[in-house]
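The structure comes next, followed by the points grouped by topic.

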Amino acid sequence: MEVVVGTYEELLLGYRLLKDDGEWKLKQSFTDHSHCGCVKTVALSKQRILASGSSDETIRLFNLAKNIEMGSLMEHSGSITHLEFYEDSHMFSCSEDGLICIWKASNFECLRTLRGHKGPVYSVTVHPSGRLALSVSKDKTLRTWDLTTGKQAYVTNVKQVADSICWSPDGSHYLSVSNSNIDVYSIETAVVIQQIQCEQRVCDVTFISSHVAAVSIDDGSIEFIDVVNNQKLHNFKANDTRVKAMTYSLYEDMRLLVGATSNGLIKVWSISSEAQKKDQIEVKQLTEIDTKFRLTCLTVGKPDNVDSPDTNQQPTCTQVKSQNPKKADTTKGKIRAKKHKMQPADSQDSKQLAVKPHTKDSHQKLKKKKKV
């Protein structure tokens, strides 16, 4: 399994989860320093296309199957706040410029720009059907977008600025996170059915089943909550400092929770199969690694034996149409090709994407060299 994290120090760090002599370990696979600002979000498609967004207002693209950098997207004019792939056919991006962009994943043409928010957009999430999207912003609105038409469906005013929003795996509910509050909405009524109050600020939320979510709290603990019934099922101390980002994944018949902490650790836990009822959830840490950097975001993907993506593959979600299908913009919203061979972490050939495992000292030297 591939694990990729972003850092305040402008780096992308890649790791592989491997089993060595019966023990699980995270081995570094690559480091990249293409961004010139804090990496704020990362997303990895099933075809192993990695996208990273930064405060430098660019989205960088990498093909991890071929170990190359594909280029950069420069449609936004503000820090990139969130990236999300949908079914390997489309990618969604949002930014502090108030825009949401929908990209065709086969060639990364910008199909449509969703406009409506009056402030920075912090999060966007796509319904499993691919027909609806939700977004939250500093303007204190939750907006629903009809992806069959590419237009705004309706606007919900909220009392607090929402930090993030996400759908449940079955699409029956969605969560809006604001500081220490989690509002649970039903898709049938589009109203709040549960209000979950956590003891401290919520750092991240990820679903492990249709009703159960893992919630990381500012004190370093992780809670498993049945969000539909507002029932706390399990709580454990994950780290001395907060877990900034989490994601849930199935790997080799295991249910894994992967977290990135604010003090630079990547941790992997296994979750018991019975994760639906109180006192039935068991969490066991498999491994951890200290990256020595301040981590901001995290994503995971498939292992190496996945076929490389077919660049001619047609998208599976056909609802979203180009704003101008007759003539595509050839300058803005298109990928700027830039293919560098990405070298393994122990490579002695040091190019922009050819990296050794980074240290604080080596990072400072690289940063100075980059500015020159």
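Among contacts in the protein chain (heavy atoms within 4.5 Å) between residues at least 6 apart in sequence, 47% join residues at least 24 apart. The model is predicted: local features need pLDDT of at least 70, side-chain atom pairs count only at pLDDT 80 or more, and totals for chains, interfaces and linings use all residues. Residues are numbered from 1 along each chain as its sequence is written, and side-chain values use heavy atoms, with hydrogens and water left out.

**Overall make-up**

- The protein chain has 29 strands and one helix; these are DSSP runs numbered from the N terminus, with helices being H or I of at least four residues and strands E of at least two.
- Of its 372 residues, 57% count as buried, that is, under 20% relative accessible area with a 1.4 Å probe and protein chains only.
- The protein chain exposes about 16,900 Å², of which carbon and sulfur atoms supply 44%; the areas come from the Shrake-Rupley method with a 1.4 Å probe.

**Aromatic pairs**

- Five aromatic pairs are found in a search of the whole structure; rings of Phe, Tyr and Trp (its six-membered ring) pair if their centres lie within 6.5 Å.
- The pair of Trp24 and Tyr251 is edge-to-face, because the ring centres are 6.2 Å apart and the planes are at 65°; planes over 60 degrees apart count as edge-to-face, under 30 as stacked and the rest as tilted.
- Trp24 lies in strand S3 (residues 23-32) and Tyr251 in strand S24 (residues 243-251), so this pair ties together parts 227 residues apart in sequence.
- Trp24 is buried at a relative accessible area of 11%, and Tyr251 also counts as buried, at 12%.
- Tyr174 and Tyr185 form a stacked pair, 4.8 Å centre to centre with 5° between the planes.
- Tyr174 is in strand S17 (residues 173-178) and Tyr185 in strand S18 (residues 181-186), 11 residues apart.

**A buried charge**

- Glu84 lies in strand S8 (residues 80-86).
- Glu84 is buried yet has no salt bridge (a side-chain nitrogen of Lys or Arg within 4 Å of a carboxyl oxygen of Asp or Glu).
- The Glu84 side chain reaches the backbone nitrogen of Val126 at 3.0 Å.
- Leaving out residues up to four places away in sequence, Glu84 touches Ala43, His90, Met91, Phe92, Val124, Thr125 and Val126.

Notes. Buried < 20%, exposed > 50% of the residue type's maximum accessible area, 1.4 Å probe, protein only. Lys, Arg positive; Asp, Glu negative; His and termini not counted. Polar contact = N/O pair within 3.5 Å; in protein donor to acceptor, adjacent residues only side chain to side chain.
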